[in-house]
Amino acid sequence: RGAGDRLVQLLAAESGGEFEYVPMIRSVGILPGHYVLDAGCGCGTFLPLIGELVGNDGAIAALDLAPENVATVRQRLAAEPLPCRVEVREGSILRLPYADCSFDVVWCANVVQYLEIAEFAQVAAEFHRVLKRGGVLALKEMEMTAFQVTPLPPPIMWHLLESQRQNNRHVGGMHTLSFPQWLRTAGFSDLVLKTYIGEDRHPLSQEQADLIRGVLAVHATLAAEATELAPDEKNVWQTLVGDFSHPKNVMNDPDFYFRRPYALVLGRKP
């Protein structure tokens, strides 16, 4: 995967967005005794909170396509077991290895943004299949249409995102607002889209600064590769954004502001 995927990994890191993630998961409606699928569990970031919510009588199925992630999750659980039963498997969300009507809740975070629109329909059908009647699907993704870095003029960011959209690169986070419509087509009801905003401004902690530098470096790389951008905008990305030694780098501005938008889309299987 390329720079766009690295951006999502950085923004989804446990060091960034943790504050926003907690109210997101708590708003899903996961209850004690529930059986929850963490579809695309990554390194298991969300498992401890899900485990806390389902309690001793609940259970979790953790699924990820990458064998290294599966290994990491198993190591984590061996070191710090959760209060509930957890089954960890390698597999694809395009073909879920679970029986029909198995789960009370499906939680899927930072995953479907990598899919083509046709694949989204297939995944939505799979989520619908494995949910019990009345079960809840929760999709958490970046909402890139609201992503912004100040003091950059907003059109600078919009032009970069548009260049990515035209080349069908890293565009999943730009489709998030369409998820309710697509899920309704897949048979889900009671659809709700909630937005959450993570904000960083001066003074930045070392953890915040490291995360933001990584994100800005990714954007600078994307801008360098974008043939559609005007030369003056490319220069802004390379000097004022990507060059952290530059005295006028945006992170040195006293009004620096970094906005991380997330969306949580909930739907119910009738």
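Which residues are buried in α4? In this predicted model, the buried residues of α4 include Asn 69, Val 70, Val 73 and Leu 77. These residues cover an arc of only 100° around the axis, which puts them on the same side of α4. An α-helix has 3.6 residues a turn, so residues three or four places apart point the same way. On the other side of α4, the exposed residues are Glu 68, Gln 75, Ala 78 and Ala 79. The buried residues pack against three elements, namely α3 (47-54), β2 (59-64) and β3 (85-90). The length of α4 was also examined. Helix α4 comprises 13 residues (67-79), and at 1.5 Å a residue it should span 18 Å; the C-alpha atoms at its ends are 19 Å apart, which agrees.

Strand β8 (residues 257-268) was considered next. Ten of its twelve residues are buried, so β8 is largely enclosed by the rest of the structure. Strand β5 (residues 131-142) runs antiparallel to β8 and is joined to it by seven bridges; within this pairing, Lys 140 has Leu 264 of β8 as its bridge partner. Strand β6 (residues 148-150) also pairs with β8 in the antiparallel sense, over three bridges, and Phe 258 in β8 is the bridge partner of Val 149. Eleven bridges connect strand β7 (residues 189-201) with β8, again in antiparallel orientation, and here Leu 193 stands opposite Val 265 of β8.

In soluble globular proteins, nonpolar side chains tend to be buried together. The largest nonpolar core of the model has 56 residues, and those with the most contacts inside it are Val 28, Ile 30, Ile 50, Trp 107, Val 149 and Trp 237. Helix α8 (residues 206-225) supplies the largest share of this core, seven residues. Another core, of 29 residues, lies apart from the largest one; among its members are Ala 39, Tyr 98, Cys 108 and Leu 191. When neighbours within four places in sequence are left aside, Val 28 is in contact with Val 105, Trp 107, Val 136, Ala 138, Leu 264 and Leu 266. Within helix α8 is found Val 218, which is buried, with a relative accessible area of 7%.

Charged side chains were then examined. Side chains of opposite charge can pair when their charged atoms come close. The count of salt bridges comes to eight. One of these joins Arg 26 and Glu 52, whose closest N and O atoms are 2.9 Å apart. Arg 26 belongs to helix α2 (residues 18-26) and Glu 52 to helix α3, so the pair ties together parts that are 26 residues apart in sequence. Arg 26 is partly exposed at 43% relative accessible area, and Glu 52 is partly exposed at 47%.

A salt bridge also forms between the side chains of Asp 104 and Lys 132 (3.4 Å, N to O). This pair links distant parts of the chain, with Asp 104 in strand β4 (residues 103-109) and Lys 132 in strand β5, 28 residues apart. Asp 104 counts as buried, at 17% relative accessibility, whereas Lys 132 is partly exposed at 31%.

Within helix α8, Arg 213 and Asp 210 are three residues apart and thus separated by about one helical turn. These residues form a salt bridge, with their closest N and O atoms 3.2 Å apart. Arg 213 is partly exposed at 33% relative accessibility, as is Asp 210 at 42%.

How values were computed. Residues are numbered from 1 along each chain as its sequence is written. This is a predicted model: local features need pLDDT of at least 70, side-chain atom pairs count only at pLDDT 80 or more; totals for chains, interfaces and linings use all residues. Side-chain values use heavy atoms; hydrogens and water are left out. Helices (H or I, at least four residues) and strands (E, at least two) are DSSP runs, numbered from the N terminus. The expected span of a helix is 1.5 Å times one less than its number of residues. Buried means under 20% relative accessible area, exposed over 50%, partly exposed in between (1.4 Å probe, protein chains only). The arc is that of the directions from the helix axis to the C-beta atoms. Contact means heavy atoms within 4.5 Å. Two strands pair if DSSP finds at least two bridges between them. A nonpolar core is a set of buried Ala, Val, Leu, Ile, Met, Phe, Trp, Tyr and Cys residues joined through side-chain atoms within 4.5 Å. A salt bridge is a side-chain nitrogen of Lys or Arg within 4 Å of a carboxyl oxygen of Asp or Glu.
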